[in-house]
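Subject: Structure handover

Hello,

Here is the structure I said I would pass on. Please open it and keep it in view while you read the notes below.

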Amino acid sequence: MARGAADRRSAGDWRAPDAGAVNFKNYALQWVKERRLSATTDELYRRLLRLHILLTFEDLDLDEITPPRVRSWCSERLDSTGAETTIAKAYRLLKTIMETAADDELIRRNPCRIRGAGRETAEERPTAAVARVDALADAMGPRWGTAAVRSVGSRGSGPWRWERKHSAMPSIKAPPVCLFPFC
């Protein structure tokens, strides 16, 4: 047995037995802090940790987070929240943190191995038909109706139309409009 351990050490497979005895919560919060993220991303990651990940893993050490625990966590969060997109984001964050722990040689292998768990599949959002946007703009009057049409950016119809000149990039041609009282 001692001979096998010596062979593993020389092959580079050896890892200190207590290397993964690092508290997940401390490691994850340090991970976020070291990333120098934008304010919105930092807030998102901390919220995902607080509301979804730390509920299950905060008292565990890194080496105590196993693939079965990750699968159970993911299933439980999906069942309790129904928020597939948010749980996909939380899973990606957990997977990235654990990948860094594997790179730091604190764990042998990333326990996040659920295929497709980090994939977001949001449904296509409905868009307003041109006729409905034009009716809305008419109801709003010339001052605010122009803003409504412009925010939608109707393509090919309505008062705003796309034009191609001699370049690959289209440009918007706006109709002459007077926005009262700015005339």
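Predicted model: local features only at pLDDT ≥ 70, side-chain atom pairs only at ≥ 80, totals over all residues.

**The chain as a whole**

The protein chain has 6 helices and 2 strands. Read from the N terminus, the order is α-α-α-α-α-α-β-β. The chain has 183 residues, and 26% of them count as buried. Its exposed surface comes to about 12,800 Å², with 52% of that supplied by carbon and sulfur atoms. If you take the contacts between residues at least 6 apart in sequence, 57% of them join residues at least 24 apart.

**Helix 2 against helix 3**

Two packed helices are described by the angle between their axes and the distance between the axes. Helix 2 covers residues 24-34 and helix 3 covers residues 39-57. They pack at an angle of about 170°, and their axes are 11 Å apart. An angle over 145 degrees counts as roughly antiparallel, so helix 2 is roughly antiparallel to helix 3. On the helix 2 side, the contact is made by Phe24, Lys25, Ala28, Leu29, Trp31, Val32 and Lys33. On the helix 3 side, the residues are Asp42, Tyr45, Arg46, Leu49, Ile53, Leu54 and Phe57. Sorted by class, this contact has 10 nonpolar residues, no polar ones and 4 charged ones.

The loop between helix 2 and helix 3 holds Arg36. The phi angle of Arg36 is near 50°, which is a positive value in a residue other than glycine. Arg36 has a relative accessible area of 79% and is therefore exposed.

**Helix 3 against helix 5**

Helix 3 also packs with helix 5, at an angle of about 80° and with the axes 10 Å apart. Angles of 65 to 115 degrees count as roughly perpendicular, so that is the description for helix 3 and helix 5. Helix 3 contributes Tyr45, Leu48, Leu49, His52, Ile53 and Phe57 to this contact. Helix 5 contributes Thr86, Ile87, Lys89, Ala90, Leu93, Leu94 and Ile97. By class, the contact has 10 nonpolar, 2 polar and 1 charged residues.

Tyr45, Leu49, Ile53 and Phe57 of helix 3 are listed in the contact with helix 2 and also in the contact with helix 5.

Leaving out residues up to four places away in sequence, Ala101 touches Tyr27, Leu62, Leu106 and Ile107. Ala101 and Phe24 are 77 residues apart in sequence, while their C-alpha atoms are 9.7 Å apart in space.

Glu105 is in the loop between helix 5 (84-103) and helix 6 (130-152). Its phi angle is near 60°, again a positive value in a residue other than glycine. With a relative accessibility of 58%, Glu105 counts as exposed.

**Leu60**

Leu60 is in the loop between helix 3 and helix 4 (67-81). Apart from its neighbours within four places in sequence, Leu60 is in contact with Val22, Asn23, Phe24, Ile65 and Arg69. One of these, Asn23, is 37 residues from Leu60 in sequence, but the C-alpha to C-alpha distance is 5.9 Å.

**Cysteines**

How many disulfides are there? The count is 0. For Cys74, the nearest cysteine sulfur is that of Cys112, at 9.1 Å. A disulfide needs the two sulfur atoms to be within 2.5 Å, so Cys74 is in no disulfide. Cys112 is in no disulfide either, its nearest cysteine sulfur being that of Cys74. Cys74 is buried, with a relative accessible area of 6%. Cys112 is buried as well, with a relative accessible area of 3%.

Regards

Notes. Residues numbered from 1 in each chain as written. Heavy atoms only, no water. Helix = DSSP H or I, 4+ residues; strand = E, 2+ residues; numbered from the N terminus. Buried < 20%, exposed > 50% of the residue type's maximum accessible area, 1.4 Å probe, protein only. Contact = heavy atoms within 4.5 Å. Areas by Shrake-Rupley, 256 points an atom, 1.4 Å probe, with all protein chains shown as cover. Axes fitted to C-alpha atoms, helices over the stretch in contact; angles between N-to-C directions. Parallel < 35°, antiparallel > 145°, perpendicular 65-115°, else oblique. Nonpolar A, V, L, I, M, F, W, Y, C, P; charged D, E, K, R; others polar.
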